[in-house]
Amino acid sequence: MILLLEDDPAIAQTVRFALEREGLQVQHHAWLKDARAAWALAPPRCAVLDIGLPDGSGLDWLRELRQQGSATPILLLSARGEELDRVLGLELGADDYLCKPFSPRELVARVRGLLRRAPAPAAPGLRIEGQQARWDGQALNLTRRELALLQALLAAQGRILSRDKLLDQAWGTASESSDRTVDTHIKTLRAKLREAGAGEDAIRTHRGLGYSLEL
């Protein structure tokens, strides 16, 4: 999950569209107080923060996060493009700094670079060893296809995988299987994870986009 803190609706829409088109999940907030609350509940894998906000400063929050020991990669978005502003942001703990206006393609490339450096999200309770998957030590009775789907979703580290991508990874590029086949196997895999205690929405459906694993 990528947390986006941006109070300009047009810029927020551009950023969100660019990232979600690449299969990345985005949680957008226009107010600092809402972003703080969301972070406290579930720290993101990466954050894109505006500096000037209606109820505070993105720089102040960045300083607080680093003082609290957070290592989450953070990209600052700002209309302030002077060298002094960029240096200040980086010295306060930002991992990258992008000036407005910006290229959506460059933004995506920079976020992907930060995600590569981000620690992989934990998958509490889930272990896959060879051809056996376990949840909290309990063996999951998965078919070969279900196991392949689970491995693909786990490797995506929370990113959305399209049905075509899942078909390629679990059935192979030469497969004549359809999207409906993926949906059917995801349904049974989700039920088995739920029965093992992984929760109701261990596999999340993103309408028109695909699926992601959220443990």
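Which residues does arginine 145 touch, not counting residues up to four places away in sequence? In this predicted model, arginine 145 touches Ala170, Trp171 and His185, where contact means heavy atoms within 4.5 Å. Because the model is predicted, local features need pLDDT of at least 70 and side-chain atom pairs count only at pLDDT 80 or more, while totals for chains, interfaces and linings use all residues. Residues are numbered from 1 along each chain as its sequence is written, and side-chain values use heavy atoms, with hydrogens and water left out.

**The chain as a whole**

- The secondary structure comes to 8 helices and 12 strands, these being DSSP runs numbered from the N terminus (helices are H or I, at least four residues; strands are E, at least two).
- Taken along the principal axes, the box filled by the C-alpha atoms is roughly 55 × 35 × 25 Å.
- Of the 215 residues in the chain, 44% are buried, a term that means under 20% relative accessible area, with exposed meaning over 50% and partly exposed in between (1.4 Å probe, protein chains only).
- Among contacts between residues at least 6 apart in sequence, 57% join residues at least 24 apart.
- The accessible surface comes to about 11500 Å², and 48% of that surface belongs to carbon and sulfur atoms; the areas come from the Shrake-Rupley method with a 1.4 Å probe.
- There are 29 positive and 29 negative side chains, and the centres of the two sets lie 6 Å apart; Lys and Arg count as positive and Asp and Glu as negative, with His and the chain ends not counted.

- Arginine 145 has its place in helix H6, which covers residues 144-155, and counts as partly exposed at 23% relative accessibility.
- The C-alpha atoms of arginine 145 and histidine 185 are separated by 7.5 Å, although the two residues are 40 residues apart along the chain.
- Alanine 133, in strand S9 (residues 132-135), is buried with a relative accessible area of 1%.
- Residues touched by alanine 133, not counting those up to four places away in sequence, include Arg127, Ile128, Leu147 and Leu150; the C-alpha atoms of alanine 133 and leucine 150, 17 residues apart along the chain, are separated by 8.9 Å.

**Glutamine 25 and histidine 29**

- Glutamine 25 lies in the loop between helix H1 (9-21) and strand S2 (26-29), and is buried, with a relative accessible area of 9%.
- The side chain of glutamine 25 makes a polar contact of 3.4 Å with the side chain of serine 212; such a contact is a pair of N or O atoms within 3.5 Å, and within protein one must be able to donate a hydrogen and the other to accept it, while residues adjacent in sequence count only if both atoms are side-chain atoms.
- Beyond four places in sequence, the residues that glutamine 25 touches include Met1, Ile2, Arg159 and Ser212.
- Histidine 29 is found in strand S2 and is buried, with a relative accessible area of 15%; a polar contact of 3.3 Å joins its side chain to that of glutamine 27.

**Cysteines**

- The structure holds 0 disulfides, a disulfide being a pair of cysteine sulfur atoms within 2.5 Å.
- The closest cysteine sulfur to that of cysteine 46 is in cysteine 99, and the separation of 17 Å is too far for a bond.
- Cysteine 46 counts as buried at 0% relative accessibility, whereas cysteine 99 is partly exposed, with a relative accessible area of 22%.

Conventions. The place of a charge is taken as NZ of Lys, CZ of Arg, CG of Asp or CD of Glu.
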